[in-house]
Amino acid sequence: MNCTDIDKLKDDYLKGQLPVLQHTATEQHLLECESCHASIAASRKILEALKPLSAPEPRKGYVDGLFKEVRKQYPEKSSRHFVAGFATAMAAGFALWFVSTLFEVQQQTLPALNEMTVSLNTTQSVRLMFDAPDDYQRITLSLKLPDNIELKGYAGQSEISWDTSFSKGPNILTLPIKAITKGSGELIARVSYGDKLKAYHLVIKTADNGVVNYQVQPYPSA
Amino acid sequence: MMSVFKLWPPKRAEHDRFEVLIKPHISQLYKLAYRLTGQNSDAEDLVQDVVLKLYPRLTELESVEKLGPWLSRVLYRQFVDQQRALQRSPLDYTDDEQPLYADTAACTPEPVELLESELTQDKLQEALDQLNPQQRLVLLLHDLEGYTLEEIHFMQDTAVGTLKSRLHRSRNKLREILSTMEPFTNAERVNS
């Protein structure tokens, strides 16, 4: 190993990133070469001296102010965007649309007029559209899945519920579902607000032969 | 039967989710912004610009595996875009075209005086200011802020080999600058 080699390797040497053999050879050269020894020592000294020049931390209050600005510029949005969580998981395929106006009656269960057939192990979308006559806070949405179906990203969860809010007008929930076994079952979606409840039923069948047949019967607005 | 699972928290929590996700990285982003802009106020503005732009991408952020490097890359690109918009490009220097080790002949006499003198922060800062922005940035990010070359590569889309060359050259140039600065020249005069 000569001085040129040392020059090429010195950064890795200083960082302790040389393989053992090269490290040993470097150290051997440094014992014999005053010039390289001085070069390495000077580099080490600079590295040490640089440490106090690290960039400063943000000033006190900056971080809080930053997120305050975020809240100011992006006030609470309407819940029609709550589908975003599923958007990336959506697969191409048909979509079944349920359309309904919310809560015009105290309690309503829509008949299971709708039926769809899905291919085994293929993700497809079901979209529920809720036409809200007003803004609603603290809406609870619940899903009960049949045994042959799972919701993508929530394997093993047969009942799922979450709190959200609706804004006046159409609010769309997209459900990426996947048939995991053969069979047939009923997906039930419930929307509740205070003492009001609305339920939606959808029969989902897994295609035996992999051919997808489906019938879309959007439920008309109440 | 599985227990009921809360899929989404109340809508109000979107801000909280964003904050929980981003807040741990603000210090790192601020330091990077400071390294890029060189000014506290500009660093604050740059970080704020980035954070405000990211909020609508919350879902995407939640799916990013290594958020720290990803955020650094976004901030770096925002900075470059801003510089281009201002029609000044301080990162566009061409001295990296020089052969890597051309400036370091074998057994080039190193400034022994450097070992014996005090490296004050002012002196170092003055020397750093004489590096070109690309050289200074890679040296500061790697040697001070602890970024690996792979992380800088991810941030800047610059080949690791190029970064390694640049870093090596930056260190050599810094040593060279320091060796010619006072009081080294005085020391040389005294010794000669």
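1. A search of the whole structure finds zero disulfides over all chains, where a disulfide is a pair of cysteine sulfur atoms within 2.5 Å. The sulfur of A:Cys33 has its closest cysteine sulfur in A:Cys36, and because these sulfurs are 3.6 Å apart, they are too far from each other for a bond.

2. Are these cysteines, A:Cys33 and A:Cys36, buried or exposed? A:Cys33 counts as buried at 11% relative accessibility, and A:Cys36 is buried with a relative accessible area of 6%; buried means under 20% relative accessible area, exposed over 50%, and partly exposed in between, using a 1.4 Å probe and protein chains only.

3. This is a predicted model, in which local features need pLDDT of at least 70 and side-chain atom pairs count only at pLDDT 80 or more, while totals for chains, interfaces and linings use all residues; side-chain values use heavy atoms, with hydrogens and water left out. Residues are numbered from 1 along each chain as its sequence is written, and chains are lettered from A and ligands numbered from 1 in the order in which they are written.

4. A:Ser125 lies in strand S4 of chain A, which covers residues 123-132, strands being DSSP runs of E with at least two residues and helices runs of H or I with at least four, numbered from the N terminus.

5. Chain A as a whole has five helices and eleven strands, and buried residues make up 46% of its 222 residues.
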